[in-house]
Amino acid sequence: MGSVRKASAWLGLVEDNDERYYADEYAEYSEGAETGDAWVTDPRVRVASDTAQEVGRRIATVSPTCFRDARGIGELFREGIPVIVNLTALESPDAKRVVDFAAGLTFGLRGSIERVATRVFLLSPAHTQVVSGEGASRPQDGFYNQS
């Protein structure tokens with residue numbers, strides 16, 4: 001609302017409609033928050049949609065910025081969700097602590113930990129099978145073997 005309009009509203013010359021705009025914005029925000037909560041625990045932790053949750057095909061990605069964010073990794077893993085942990089944003093000592101935490105977590109809950117890339121790890125719960133795309137899909141002779 002412009003300053004002239006505010007002054008006119010204060011003098012009672014025009015109607016003050018500021019409250020109506022704030023109420024509409026709040027109503028839209030609250031409706032969106034109730035329909036589906038895509039964020040889990042922390043904005044840096046993202047889980048797939050509710051339909052994937054029903055089917056049981058959820059994978060969480062976590063990019064911790066400090067060791068305190070390891071709690072979110074543990075909470076997701078305890079729920080049986082595979083977690084991809086991206087440690088590229090962490091300093092080396094904190095990254096080592098998170099990897100140690102993740103290794104203990106997977107050992108304690110009978111899961112597995114696997115390095116996917118440099119400073120990126122996959123934590124898989126016990127009921128999850130990780131299938132590697134190497135070798136199984138192509139014959140031993142090679143794909144383009146002409147002999």
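Tutor: T106 is buried, its relative accessible area being 3%. Keep in mind that this is a predicted model.

Student: How should I read that percentage, and where does T106 sit in the fold?

Tutor: Buried means under 20% relative accessible area, so T106 with its 3% qualifies. As for its place, T106 belongs to helix α5, which covers residues 92-108.

Student: Which residues does T106 touch, leaving out those up to four places away in sequence?

Tutor: With those left out, T106 touches F77, G111, S112, I113 and L123.

Student: And the polar side-chain atom of T106: which backbone oxygen lies 3.0 Å from it?

Tutor: A polar contact needs N or O atoms within 3.5 Å. Here the backbone oxygen of A103 is 3.0 Å from a polar atom of the T106 side chain.

Student: Okay, zooming out: how many residues does the largest nonpolar core have, and which have the most contacts inside it?

Tutor: That core has 16 residues, and I73, L76, V83, V85, L87, V98 and L123 have the most contacts inside it. At least two residues each come from β3 (60-62), α4 (70-78), β4 (83-86), α5 and β6 (120-124). Helix α5 gives the largest share, four residues.

Student: What about P93: buried or exposed?

Tutor: Exposed means over 50%, so P93, at 56% relative accessible area, counts as exposed. P93 is also in helix α5.

Student: What separates the C-alpha atoms of P93 and F67?

Tutor: They are 9.5 Å apart, while along the chain the two residues are 26 residues apart.

Note on methods
Residues are numbered from 1 along each chain as its sequence is written. This is a predicted model: local features need pLDDT of at least 70, side-chain atom pairs count only at pLDDT 80 or more; totals for chains, interfaces and linings use all residues. Side-chain values use heavy atoms; hydrogens and water are left out. Buried means under 20% relative accessible area, exposed over 50%, partly exposed in between (1.4 Å probe, protein chains only). A polar contact is a pair of N or O atoms within 3.5 Å; within protein, one must be able to donate a hydrogen and the other to accept it, and residues adjacent in sequence count only if both atoms are side-chain atoms. Contact means heavy atoms within 4.5 Å. A nonpolar core is a set of buried Ala, Val, Leu, Ile, Met, Phe, Trp, Tyr and Cys residues joined through side-chain atoms within 4.5 Å.
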